[in-house]
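My entries are below, in the order I made them.

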Amino acid sequence: MKAKTTDLRKGLAVLLAIGVISSATYLIAADHIDAPAVTGKASDITDFYAFESPSNSSNLVFVVNTQGLLAPTATAAAAFDSDVMLEVNIDNSSNKDNMEDLVLQVTFENGKVQVYGPVAPIEKGLNSTLVTTGYKVESDISTYAGSPMTGEANGIKVFAGPRDDPFFFDLDQYKKVIAGTATGFNNPGTDTFAGTNVMSVVIELPKSLLGSGPINAWATTNRKN
Amino acid sequence: MKLKYVNLLAVGALIALGACNNDDDATPMPVTYVQEDQMARPAINTVFVSAGDKDTFNGTIPSAQNAAFGTKFKDRLLALNPGYTTNLLGLDAATFTGVLSTDVLSVALSGATTFYDGTHVLTGRKLNDDVITVELILLFGGPDATANPMLTDDHVDANDKGFLDTFPYLATPH
């Protein structure tokens with residue numbers, strides 16, 4: 001099993017390196033490389049997680065991962081984009097209208113990550129304006145080789161940098177099923193995402209800053225005008 | 001009266017213009033952005049949105065997604081599983097895809113936060129949640145999760161690296 005995983009890693013890395021897989025047509029789950037306009041860009045979100053902090057039950061953790069299927073050899077060169085703002089949108093209204101009442105806004109500049117909020121957005125919908133008047137926490141962006149860097153202010157923590165992709169799925173077999181060349185999954189399956197990395201942003205904050213739950217939440221990436 | 005207001009407006013406009021043209025002004029111009037990608041629940045765009053619609057879906061806000069994509073999601077579900085009746089949550093095709101086509105993640109602020117742990121349903125998403133198997137069961141497993149057994153589990157049950165107990169929780173890169 002371990003040997004198989006290692007072989008797949010190498011195989012995947014080789015395939016990516018020589019460009020056999022056309023990323024534009026290679027459908028990736030969860031949302032890895034899901035759409036032509038963002039494929040291969042820092043704005044391509046792969047996964048969104050929201051969970052109670054394993055180390056403090058008063059806190060919630062948001063994870064937004066981008067730039068999926070990074071081979072280890074490609075990870076040191078991967079970077080966030082200073083023209084892309086990452087946003088966690090939070091609907092804490094009682095009627096759940098799925099419009100954002102609070103936002104966490106994440107920007108990247110000169111090797112640093114900044115998180116603004118949670119704060120009420122200036123405008124809701126497709127356009128976003130950076131709100132710099134509320135909470136702010138900053139950290140160095142972690143590097144591939146270095147130890148993880150984190151920042152904390154007002155009980156809000158941030159990490160930004162390369163991490164193992166936490167997603168797992170036998171995507172290749174799923175594609176065969178959908179294409180009609182297989183009738184089902186294998187047991188054991190093969191994790192298509194084993195051995196690959198993502199560019200990750202992790203934010204932990206007091207639940208009390210999010211209003212009363214349950215909330216509806218979603219992640220967006222947004223390009224500077 | 002009117003004239004006074006006009007004068008005030010004119011003064012205000014001059015002040016505003018002055019502020020914009022003053023390089024030394026301490027107040028920065030607002031920085032604005034336009035949405036480029038969006039996601040909440042895992043694999044929704046990948047599974048339910050056709051190749052030609054993927055960018056449009058990412059550029060649609062959640063409150064507008066059901067109206068724009070609800071019928072397409074239902075058609076896609078019935079194409080993937082023509083035998084679909086209801087699923088483990090008791091949802092018929094229209095109700096299930098109605099929920100899925102508004103791509104937000106419901107998150108509890110008290111109690112368990114999990115995609116599905118046998119008891120709690122859609123109260124968040126943990127790193128180790130086997131979200132794909134949950135989604136496969138809801139897509140293919142029928143009302144009691146026993147239909148299409150070859151399609152309801154990809155038999156990849158965990159990540160290839162263990163998660164950390166402390167911030168930032170995700171494992172170090174490969």
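The entries start with conventions and then go from chain A to the interface, the cores and a helix of chain B.

**Conventions.** I am working on a predicted model, in which local features need pLDDT of at least 70 and side-chain atom pairs count only at pLDDT 80 or more, while totals for chains, interfaces and linings use all residues. Residues are numbered from 1 along each chain as its sequence is written, and chains are lettered from A and ligands numbered from 1 in the order in which they are written.

**Chain A, overview.** I looked up the secondary structure and found three helices and eleven strands in chain A. Helices (H or I, at least four residues) and strands (E, at least two) are DSSP runs, numbered from the N terminus. The order from the N terminus is α-β-β-α-β-β-β-β-β-β-β-α-β-β. Of the 225 residues in chain A, 48% are buried. I used C-beta atoms placed from the backbone: buried is 20 or more others within 10 Å, exposed is 12 or fewer, and partly exposed is in between. Among contacts in chain A with a separation of 6 or more, 55% join residues 24 or more positions apart; a contact is two C-beta atoms, placed from the backbone, within 7 Å.

**Open sheet.** I traced five strands of chain A in the order 1-2-10-9-8, an open sheet with antiparallel pairing. Two strands pair if DSSP finds at least two bridges between them. Strand 1 (45-53) and strand 8 (150-153) of chain A each have a single partner strand, so one side of each has no neighbour in the sheet. Inside the sheet, strand 9 (residues 156-164) and strand 10 (residues 197-206) of chain A are antiparallel over eight bridges. One bridge there joins V158(A) to I203(A).

**Cores.** Which residues touch the most other members of the largest nonpolar core? They are I203(A) and A217(A), in a core of 55 residues. Strand 2 (residues 56-70) of chain A gives this core its largest share, seven residues. I took a nonpolar core as buried Ala, Val, Leu, Ile, Met, Phe, Trp, Tyr and Cys residues joined through C-beta atoms within 7 Å. Leaving out residues up to four places away in sequence, I203(A) touches F62(A), V88(A), L104(A), V115(A), I156(A), K157(A) and V158(A). A second, separate core has 29 residues, including F193(A), A194(A), V47(B) and I137(B).

**Interface.** I listed 84 residues of chain A in contact with 58 residues of chain B. Strand 11 (residues 215-224) of chain A supplies the largest share of the chain A side, ten residues. Strand 11 of chain A also pairs with strand 2 (residues 105-107) of chain B, antiparallel over three bridges. There, N216(A) has S106(B) as its bridge partner.

**A loop residue.** Is S147(A) buried or exposed? S147(A) is exposed, with 7 other C-beta atoms within 10 Å. I placed S147(A) in the loop between strand 7 (136-140) and strand 8 of chain A. Its C-alpha atom is 21 Å from that of T107(A), 40 residues apart along the chain.

**Helix 6 of chain B.** After helix 6 of chain B comes G142(B), with a positive phi near 70°.
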